[in-house]
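Subject: Structure handover

Hello,

Here is the structure for you to look over. My notes come after it.

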Amino acid sequence: MLVYLVVDRPQWTEYDATAADGPVARLSEPKNYRDGPDPSDRTVLCAEVPADVGDAAWSLADDDLGSLVRARQLDLPDSPAPVAVETRRLPRVYPRYRVGFAADLAGLEAWAAGQPRLLTFGRQGLFVPDNTHHALAMGDAAAAALGPDGAFDEGSWVAARDGFRSHVVED
Ligand SMILES: Cc1cc2nc3c(=O)[nH]c(=O)nc-3n(C[C@H](O)[C@H](O)[C@H](O)COP(=O)(O)OP(=O)(O)OC[C@H]3O[C@@H](n4cnc5c(N)ncnc54)[C@H](O)[C@@H]3O)c2cc1C
């Protein structure tokens, strides 16, 4: 779940993102990531709160989620008093590795490999935690394997897919 605290201050921290623990996995201040048309007098903090669909945290009201985030010790200068709390609940973002997932994944990949007009890649397609630049690199490699005549270079794609295994999440 992404819990956004809208704060009446131009900037809260000098950091783009900071790791946390407990109910908040990470806190970011998106305004610090970019130069853009952000309002000059306020900023937004984004807390990432891990949850499963339907669990106790998932079912909390937005204001209660805001309070939960504020109650955490987040190494902030002081506790943010938000003028608004917004949330987005995303049901499928991280691959969850339960015991036995590798055999299930191998079965799916074997099936997908037998489909001549289908490629699987990306975070959900390969079931890997990754970063945006990894996802972009996979898309580039898939496009590069496709010739102007529509022919697909299986060899370069297989080599590229092997290379994807070396992707390591950067924070
Ligand atoms: C909370 C969080 C913070 C992150 N922060 C960063 C960061 O700061 N920097 C960074 O580089 N990376 C970050 N990442 C990782 C980054 O988001 C991923 O690497 C990237 O989004 C992967 O792109 P993708 O296209 O492979 O998969 P996704 O972005 O997951 O796209 C898959 C899409 O498929 C859709 N989908 C799934 N199942 C189905 C279905 N059955 N039918 C139709 N559609 C379906 C999903 O809704 C989704 O839109 C973060 C990830 C999370 C979860």
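Below is what I found, from the whole chain down to single residues.

**Ground rules**

This is a predicted model: local features need pLDDT of at least 70, side-chain atom pairs count only at pLDDT 80 or more, and totals for chains, interfaces and linings use all residues. Numbering runs from 1 along each chain as its sequence is written.

**Overall form**

The chain has 5 helices and 5 strands. Helices (H or I, at least four residues) and strands (E, at least two) are DSSP runs, numbered from the N terminus. In sequence order the pattern reads β-β-β-β-α-β-α-α-α-α.

The domain assignment gives domain 1 (2–88) and domain 2 (101–164). Such bounds come from an automatic or database domain assignment. The C-alpha centres of domain 1 and domain 2 are 34 Å apart.

The chain has a radius of gyration of 20 Å, whereas a compact globule of 171 residues would have one near 16 Å. That radius is taken over C-alpha atoms, and the globule rule is 2.2 Å times the number of residues to the power 0.38. The C-alpha trace spans about 55 × 40 × 25 Å along its principal axes.

Burial covers 12% of the 171 residues. A residue is buried if 20 or more other C-beta atoms lie within 10 Å of its own, exposed if 12 or fewer, and partly exposed in between, with C-beta atoms placed from the backbone.

Of the contacts with a separation of 6 or more, 58% join residues 24 or more positions apart. Two residues are in contact if their C-beta atoms, placed from the backbone, lie within 7 Å.

**Strand pairing**

Two strands pair if DSSP finds at least two bridges between them. Strand E1 (residues 2–7) runs antiparallel to strand E4 (residues 43–48), with 6 bridges. Within this pair, Val 6 has Val 44 as its bridge partner, and Leu 2 stands opposite Glu 48.

E1 also pairs with strand E5 (residues 84–88), again in the antiparallel sense, over 5 bridges. Here Leu 5 faces Val 85.

E4 has a further antiparallel partner in strand E3 (residues 26–28), joined by 3 bridges. Leu 27 stands opposite Ala 47 there.

In a regular strand the side chains alternate between the two faces of the sheet.

**The ligand shell**

The residues around the ligand are Glu 48, Arg 92, Val 93, Tyr 94, Gly 122, Arg 123, Gln 124, Asp 130, Asn 131, Thr 132, His 133 and Ala 135. Helix H3 (122–126) and helix H4 (132–145) are the elements that give two or more residues to this shell. A residue counts as near a molecule if its C-beta atom, placed from the backbone, lies within 6 Å of it.

By class, the shell has 3 nonpolar, 5 polar and 4 charged residues. Ala, Val, Leu, Ile, Met, Phe, Trp, Tyr, Cys and Pro count as nonpolar; Asp, Glu, Lys and Arg as charged; the others, Gly among them, as polar.

**Single residues**

*Val 85.* Val 85 lies in strand E5. Val 85 is partly exposed because it has 19 C-beta neighbours inside 10 Å. Leaving out residues up to four places away in sequence, Val 85 touches Val 3, Tyr 4, Leu 5, Asp 62, Asp 63, Leu 65 and Gly 66. Val 85 and Asp 63 are 22 residues apart in sequence, and 6.4 Å apart C-alpha to C-alpha.

*Phe 127.* Phe 127 sits in the loop between H3 and H4. Phi of Phe 127 is near 60°, a positive value in a residue other than glycine. With 17 C-beta neighbours inside 10 Å, Phe 127 is partly exposed.

*Ala 81.* Ala 81 is in the loop between helix H1 (62–71) and E5. Ala 81 has 10 C-beta neighbours inside 10 Å, so it counts as exposed. From Ala 81 to Asp 162 is 81 residues in sequence and 48 Å in space, C-alpha to C-alpha.

*Ser 67.* Ser 67 belongs to helix H1. Ser 67 has 13 other C-beta atoms within 10 Å and is therefore partly exposed. Ser 67 and Ala 145 are 78 residues apart in sequence and 49 Å apart in space, C-alpha to C-alpha.

Best wishes
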